[in-house]
Amino acid sequence: MGKIYGDAKAALAGLLRDGMTIMSGGFGISGIPSVLIEAIRESGVKDLTVISNNAGIDDAGLGLLLHTRQIRKMISSYVGENATFAKQYLAGELEIEFNPQGTLAERIRAGGAGIPAFFTKTGYGTAVAEGKETREFDGEHYVMERGLFADLAIIHAYMADHEGNVVYRKTARNFNPVMATAAKVTVAQVEHIVRNGEIDADHIHTPGIFVKRMIALPPDFEKRIEQRTIRKHPAPAGAGVESQA
């Protein structure tokens with residue numbers, strides 16, 4: 001069977017169940033698998049554990065699943081700009097396992113590499129290390145962190161061929177490559193799907209062996225900007241007030 005499905009609902013068919021663990025790529029709302037997240041919301045699946053750097057913003061991405069209270073636990077590194085995320089956590093309605101950002105990335109990478117645990121200096125002697133095994137190596141103290149592996153990974157890609165070989169674009173790459181390797185099934189939403197052989201092998205970020213299903217995003221797919229920043233250019237020498245405006 002081919003890896004390309006007609007829509008997000010079809011691509012997720014048979015994969016979703018209550019209480020499952022899902023990895024969701026992205027950083028803020030850059031590189032988030034928004035169409036797949038919307039399909040998860042529509043499915044009504046609940047009691048989810050979601051592994052993601054953060055939950056984006058209130059009205060987009062994982063924020064949608066928080067509004068419908070389909071997420072029971074978040075494994076993240078940053079509450080960020082999502083007021084619902086913070087409100088539910090502070091009210092005791094959402095369980096959160098906080099991680100330093102580099103530790104979260106390494107936990108995911110380790111899970112994808114089949115490494116059950118590793119030791120890191122990060123977090124030793126802080127609340128991050130509470131309840132975890134610690135050990136001394138060569139006079140330095142380390143805390144043990146477990147690798148992470150999910151039932152499902154949903155990712156966003158810029159380009160892919162029919163075999164599922166994937167290319168990410170710029171900062172939208174973020175957590176997507178490591179998450180693609182660290183789940184039983186990886187489903188990708190892709191901006192451009194091309195024929196086999198059209199992607200230079202040296203440019204592939206995630207080999208197709210990791211990607212089981214894909215959907216093609218429509219041409220009018222909206223890539224939102226969380227915070228637009230524009231560099232101010234200095235006015236030319238001798239310019240008046242009106243020119244500077």
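Trainee: What makes R169 count as sitting over the ring of Y158?

Mentor: In this predicted model, the charged end of R169 is 5.9 Å from the centre of the Y158 ring. The cut-off for the CZ of Arg is within 6 Å of the ring centre, along with within 35 degrees of the ring normal, so R169 is described as sitting over the ring.

Trainee: Thanks! How many aromatic pairs are there?

Mentor: The count comes to three. One of them joins Y89 and F98.

Trainee: Why is the pair of Y89 and F98 called edge-to-face?

Mentor: The ring centres are 5.7 Å apart, and pairing needs them within 6.5 Å. The planes make an angle of 85°, which is over 60, so the pair is edge-to-face.

Trainee: Which residues form a nonpolar patch on the surface?

Mentor: Y89, L90 and F98 do, with about 320 Å² of accessible area together.

Trainee: Back to the rings: how do you know that F137 and Y142 are edge-to-face?

Mentor: Their centres are 5.5 Å apart, within the 6.5 Å cut-off, and their planes are at 80°, over 60, so the name edge-to-face applies. Ring pairs also link F137 and Y142 with F119 into a cluster.

Trainee: Is F137 buried or partly exposed?

Mentor: F137 is at 33% relative accessibility; buried would need under 20%, so F137 counts as partly exposed.

Technical notes
Residues are numbered from 1 along each chain as its sequence is written. This is a predicted model: local features need pLDDT of at least 70, side-chain atom pairs count only at pLDDT 80 or more; totals for chains, interfaces and linings use all residues. Side-chain values use heavy atoms; hydrogens and water are left out. Rings of Phe, Tyr and Trp (its six-membered ring) pair if their centres lie within 6.5 Å; planes under 30 degrees apart count as stacked, over 60 as edge-to-face and the rest as tilted. Buried means under 20% relative accessible area, exposed over 50%, partly exposed in between (1.4 Å probe, protein chains only). Patches are made of residues with over 30% relative accessible area and no salt bridge: like charges are joined within 9 Å, nonpolar side chains (Val, Leu, Ile, Met, Phe, Trp, Tyr) within 5 Å. Accessible areas come from the Shrake-Rupley method with a 1.4 Å probe; for residues, only the protein chains shown count as cover. A salt bridge is a side-chain nitrogen of Lys or Arg within 4 Å of a carboxyl oxygen of Asp or Glu.
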